[in-house]
Amino acid sequence: MDRPNYITPAGYAALKARYDQLLGVERPAIVEIVSWAAGNGDRSENGDYLYGRKRMREIDRELNRLARKMKAARVVDPAAQTDRAKVWFGATVEIADEDDNRRTLTLVGDDEQDAGTGRIGWNSPLARALRGATVGDLRTVTLPGGSKEWEVMAIAYPA
């Protein structure tokens, strides 16, 4: 990765919890099923064995992916931000377009983004355009549907 993979403490905790769940609960359960199924004879027609092996490979791939993400992650606590007048990582920003349609967004790590809840990834086009903005700044964002201008109405950080 050529750019830092910023993540909030809560986002990192979620990745770690998923990793621990897979490694400590799901994988051992599948290993037990595969061991039991292997003892039942012909493995070529044993659904439990075949499905178990497939599921184990999926879990191992996800464990590797999560381990890489956690290793590359740079945990940044938005509550520790000293320059609270500008939009930086972890900021909750209220923006308005030309028609005064308002949106409230929180800039989070790319691994924890969820557009449905207003959490946008740090490297998304809108987040990149908002970086360093202060209240009253106009920022133009080029999206697949065309360019749109947004005004920064408010900036907040967790306490």
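Leaving aside its neighbours within four places in sequence, which residues is F89 in contact with?

Author: A word on the model comes before the residue. It is a predicted model, in which local features need pLDDT of at least 70 and side-chain atom pairs count only at pLDDT 80 or more, while totals for chains, interfaces and linings use all residues. Residues are numbered from 1 along each chain as its sequence is written, and side-chain values use heavy atoms, without hydrogens or water.

Now F89. With neighbours within four places in sequence set aside, F89 is in contact with Y6, I7, T8, V76, P78, L107, V108, G109, E112, W122 and Y157. Contact means heavy atoms within 4.5 Å. F89 sits in the loop between strand 2 (73-75) and strand 3. Strands are DSSP runs of E, at least two residues; helices are runs of H or I, at least four; both are numbered from the N terminus. F89 has a relative accessible area of 6%, so it is buried. The cut-offs are under 20% for buried, over 50% for exposed, and partly exposed in between, with a 1.4 Å probe and protein chains only. One further distance places F89.

Move on to strand 3 itself. I95 lies there. I95 is buried, because its relative accessible area is 0%. Beyond the residues up to four places away in sequence, I95 touches N101, R102, R103, L105, L126, L130, W150, E151, V152 and M153. The C-alpha atoms of I95 and L138 are 9.4 Å apart, and the two residues are 43 apart along the chain.

D100 is in the loop between strand 3 (92-96) and strand 4 (102-108). D100 is not a glycine, yet its phi is positive, at about 60 degrees. Its relative accessibility is 47%, so D100 counts as partly exposed.

V141 belongs to strand 6 (residues 138-143). With 2% relative accessibility, V141 counts as buried. Setting aside residues up to four places away in sequence, V141 touches P125, L126, A129, G146, S147, K148 and W150. L126 and W150 are also among the residues that I95 touches. R55 is another matter: 86 residues along the chain from V141, with 42 Å between the C-alpha atoms.

G47 is found in helix 2. G47 counts as partly exposed, because its relative accessibility is 47%. From G47 to W150 the C-alpha distance is 55 Å, with 103 residues of sequence separation.

Helix 2 (residues 47-72) pairs with helix 1 (residues 9-38): their axes come within 9 Å and cross at roughly 160 degrees. The two helices are therefore roughly antiparallel. Axes are lines fitted to C-alpha atoms over the stretch in contact, with angles from 0 to 180 degrees between N-to-C directions. Roughly antiparallel means over 145 degrees, roughly parallel under 35, roughly perpendicular 65 to 115, and oblique the rest. The residues of the contact of helix 1 with helix 2 divide into 19 nonpolar, one polar and ten charged.

Finally, the whole chain. There are three helices and seven strands. Their order along the sequence is β-α-α-β-β-β-β-α-β-β. The C-alpha trace spans about 70 × 35 × 25 Å along its principal axes. Of the 159 residues, 33% count as buried. Of the contacts between residues at least 6 apart in sequence, 52% join residues at least 24 apart.

Key. Nonpolar A, V, L, I, M, F, W, Y, C, P; charged D, E, K, R; others polar.
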